[in-house]
Every structure is written in C-alpha cells, then in structure tokens.
Amino acid sequence: MQFTPRQELSARVGRLQTEMRRGGLDGALVFHKPDLFYLTGTAQNAVVFVPADGDPVVLVRRSVHRARTESAWKEILPYRDFADIPALLRERGFGGFGTLGLELDVLPARHYLKLGEAFPGVKLVSVTSHLRSVRMIKSSYEIERIEYAAEQLRLVNAAIPAMMKDGCEREIDLAAAIEGFLRKHRHQGLVRTRKFGSAMYYGAVSVGAS
C-alpha cells in the first residue's frame, strides 16, 4: 500500500493555509472524504482541523489505528462527538476562533447545526473555494498517481477482448471479470464524487439494443 508522503501533505496544507489567511479564516474543519484524504492521506471516519498556521489535527471516530498508519501527521486523536472538538483543539493550543471554514457546498445541515452549537459565536463560512483553488493545481506526485490510475484503465480496456472470448457470455460475467481485473491491479473499487458520503462503483456493462 502506498501512503501520501509527509512532504506532499505539508505542501497541500501550506497552500490551503495561504488561501485561508487571505480570506480571513482562523481555521477550517474538513469532513468530505476526498478533501480529507487530500489533506491527511487517510479516508477514515474523521475530520481534520487545519489552522491558519501550524500543523493540522486529525480527529477520528474510527479507525484511529488505521488513520495513524495511513497519515503522516503527528496529531491523530480519537473523538466521539462534535461537542468534543473545541476542547480537543484547545488542548493543542487552538482556540479563540472568529471565523471557521466548512465545506458548505456538501456538508449536511445536521453537521452544520451541530458545529454551530459546538462553536457558539464563531462565524462559519465556506472554505470550498479555497480548497478547490488549491486542489486544481497538481503536483508532480499527483500527476504520477493520475498516470497510474489511467494505466489501470488502459490495461483493463486492453484485456476486455480476451475476457469476451474466454466464456463471458452474460453482461454480469464480463462485469465481474472487469471488476476482478481492476481489483487485482489495486483499484479501490470506488470513485469519489462531490456529494457527501457518496461514491460510485466502476460502472455497468451493457450490450445490445436494450
């Protein structure tokens, strides 16, 4: 398994912090799995606090052990409820917030309301535009990973004709063969989307007029 290098994570967080400071944010809480993975290297059930200055704090519901294995950040802590977050951050020297950023384009209303209760008097604004402006510029490491993902698809497309000759008589047989091939080539089985808690699988195989 390949983990995102600390140097790469530091560069991503540093660019986001520059954007946040320009926007007057004291910090941001990031929940959405693709953004979370981008900033931490883990996609566990977690939230990452990114301060305007300093290293992030990763708060994990589960699995803390796996998050510590996957992420290069030092501060990876368990938490149970949104109400725990302010105290955990204060213990690490972060508090007195005026403005906090959230992914308001995808964050569920329930999360937003609970965070408003946890941080009374703090202005909650969108950090999405800052995240997008950082994520749209790809590093050499990201380009390498994109090329690897494209190679997975090139290989499976090249293998499909042989699969069809090898007894895949039904659409479901061919779909299973394609999925098996991709999984053997380290595809995770999911394609993340810009919808909270949502992902697509590889796709469907359809043949004929129907």
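Helix α1 covers residues 6–22, and at 1.5 Å a residue its 17 residues should span 24 Å, which agrees with the 24 Å between its end C-alpha atoms; the expected span is 1.5 Å times one less than the number of residues. Helices (H or I, at least four residues) and strands (E, at least two) are DSSP runs numbered from the N terminus. The model is predicted, so local features need pLDDT of at least 70 and side-chain atom pairs count only at pLDDT 80 or more, while totals for chains, interfaces and linings use all residues. Residues are numbered from 1 along each chain as its sequence is written, and side-chain values use heavy atoms, with hydrogens and water left out.

**Helix α1 and its surroundings**

- After α1 comes Gly24, whose phi is positive, near 75 degrees.

**The nonpolar cores**

- A nonpolar core is a set of buried Ala, Val, Leu, Ile, Met, Phe, Trp, Tyr and Cys residues joined through side-chain atoms within 4.5 Å, and in the largest one, with 23 residues, Leu16 and Leu39 touch the most other members.
- At least two residues of this core are supplied by each of α1, β1, α2, β2, β3 (57–62), α3 (64–70) and α6, and the largest share, 4 residues, comes from α1.
- Not counting residues up to four places away in sequence, Leu39 touches Leu9, Val13, Leu16, Val30, Val48, Val50, Trp73 and Leu131.
- A second, separate core has 22 residues, including Leu59, Leu88, Leu107 and Leu115.

**Two buried polar residues**

- Ser139, in the loop between α6 and α7, is buried with a relative accessible area of 17%.
- The side chains of Ser139 and Glu8 are joined by a polar contact of 2.7 Å, a term for a pair of N or O atoms within 3.5 Å; within protein, one must be able to donate a hydrogen and the other to accept it, and residues adjacent in sequence count only if both atoms are side-chain atoms.
- Thr99, in strand β5 (residues 99–102), is buried with a relative accessible area of 16%.

How values were computed
Buried < 20%, exposed > 50% of the residue type's maximum accessible area, 1.4 Å probe, protein only. Contact = heavy atoms within 4.5 Å.
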